[in-house]
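Visitor: Hi! I'm new to this one, could you walk me through it?

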Amino acid sequence: MNRIWKAYSQASLILRVTIALVLGVVVGLVGGETVAAWLAPLGDLLLRLLTFLIVPIVLFTLMVGVNQSREGSAGRIGGKVLGYYLASSALAIMVGLTVATLFSPGSGMTLDDDASFSVPDNPGVVDTLLNIVPNNIIGAFSELNMLGIIFTALVFGIALLKMRQSARQQAMGERLYGVIESLNEVTLKVMAGVLHYVPIGVFAIVAETVSRQGLETLLSLGDMVVVLYIALAAHLLIYCGIMSLFGVKLRAFFREARTPMLTAFATQSSSGTLPITVNAARRLGISKSIYGFSLPLGATLNMDGAAIRIAISAVFAANAIGAPLDFISMVQIVLIGTLVSIGTAGVPGAGIIMIATVFAQVGLPIETVALLTAIDALVGMGCTALNVTGDLVGTSVIARSEGESLSEEPADDATAAAAKG
């Protein structure tokens, strides 16, 4: 038994996750819903473990990151992060509209008159901005209000930095910082343990998803699925071009990014994948002062995959009713789609909320949303994987713009540390 565990734990995480993904597909197709239902608790456990780590990862990593920032750099880095995420989301919608216009998914399709879908509530931009400041800290933590947690971490991190710079409170501030830094290291130790369970959870989640969706669903709306994945691939190529311009080594990047990409693909949760994305950033040698801010924020704000999904769904819906989008409608979708992606939860099903909201704003038939829910899991997997990839791309590019050198050599999961703290 010890030999089996040793072989398992020493194998690379990406190898274990890849094998788990393939086995999950096979078991889902062969075993059916009975086997998948038996495996479901194993997948639920992975999601619980990853969710369990979100608050300490965001809180302690961001507080430590703020206190490791160079004087005057925090505001500059924050501006770069926000600017990159907004530009990237807008670009993603334009890529989606371009690819969908070329391939015209939904042309010739007849809508089911019985299909219906009620538009879920979307908080809107103003409410989202107000929700950045939580009513109380405990509520933000218990509800996993990501923007509220980030705000809390930033406020207390900056206050701690001021204490450490104060002549009167410096000693107290240094002691408190030592405690926070220790808690951050403890959290990373726990994360290293959870990483060993990731392949098991991925196997269970994929098996359940495949058995529930089946091949029939994929084939029935095949054009929509294929076009969406073509657009995701096109945007991934754009990522490669951006990273090459900033001197990010693509081989080293994807060596570390593929594990969070596969995990996001299986779990369909950008927020849930955050601990694994943080681990990838550490292994790349990015400093805490950058990834501690950009990754938690990206898990909430940066939804490139979801933005592409909005664009392609809009073209699909317009073609299904025989009214292709004009230029003005496309501009509206770019603007509205970028705005509604802000603050939308990085969890399974959030993409449907975004699509329904955009459709309601631009006058597209809500009935098509009911049709698109049938392939929610299939397209959600790829979109979430691109969301997480975009977070890591932005973090790497910003790190390079700050003069950091990213690691080109593989690092051990348990001992990887940021190059600059």
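Visitor: Where does the model come from, and how many helices and strands are in the protein chain?

Guide: This is a predicted model. The protein chain has 16 helices and 0 strands.

Visitor: How much of the chain is buried?

Guide: Of its 421 residues, 54% count as buried. The chain exposes about 18200 Å², and carbon and sulfur atoms supply 65% of that area.

Visitor: And what about contacts along the sequence?

Guide: Take the contacts between residues at least 6 apart in sequence: 85% of them join residues at least 24 apart.

Visitor: Let's pick a helix. Is H11 largely enclosed or open?

Guide: Helix H11 is largely enclosed by the rest of the structure, because 14 of its 14 residues are buried. H11 covers residues 288–301 and reaches 19 Å from its first C-alpha to its last, close to the 20 Å expected at 1.5 Å a residue.

Visitor: What span should H8 have?

Guide: Helix H8 runs over residues 222–245, and its 24 residues should span 34 Å at 1.5 Å a residue. The end C-alpha atoms of H8 are 35 Å apart, which agrees.

Visitor: Which residues of H8 are buried?

Guide: Among them are Val-225, Leu-228, Leu-232, His-235, Tyr-239 and Met-243.

Visitor: What comes just after H8?

Guide: Gly-247 does, with a positive phi of about 80°.

Visitor: New topic: which residues form the nonpolar patch on the surface?

Guide: The patch is formed by Val-133, Ile-137, Ile-138, Phe-151, Val-155 and Phe-156, with about 520 Å² of accessible area together. Helices H5 (137–142) and H6 (146–165) each supply at least two of its residues, and H6 gives the most, with 3.

Visitor: Why does Val-155 count as partly exposed?

Guide: Val-155, which sits in helix H6, has 38% relative accessibility, so it counts as partly exposed. That class lies between buried, under 20%, and exposed, over 50%.

Visitor: Last one: where does UniProt place the "transmembrane region" feature?

Guide: An unreviewed UniProt entry lists several stretches, including 182–206 and 306–325. In the model, residues 182–206 are 100% helix and 0% strand, with end C-alpha atoms 36 Å apart. Residues 306–325 are 75% helix and 0% strand, and their end C-alpha atoms are 19 Å apart.

Methods: Residues numbered from 1 in each chain as written. Predicted model: local features only at pLDDT ≥ 70, side-chain atom pairs only at ≥ 80, totals over all residues. Heavy atoms only, no water. Patch = residues over 30% accessible without salt bridge, like charges linked within 9 Å, V, L, I, M, F, W, Y side chains within 5 Å. Areas by Shrake-Rupley, 256 points an atom, 1.4 Å probe, with all protein chains shown as cover. Salt bridge = Lys/Arg side-chain N within 4 Å of Asp/Glu carboxyl O. Helix = DSSP H or I, 4+ residues; strand = E, 2+ residues; numbered from the N terminus. Buried < 20%, exposed > 50% of the residue type's maximum accessible area, 1.4 Å probe, protein only. Expected span 1.5 Å × (residues − 1). UniProt positions renumbered as here; feature names shortened; annotations may be inferred. Contact = heavy atoms within 4.5 Å.
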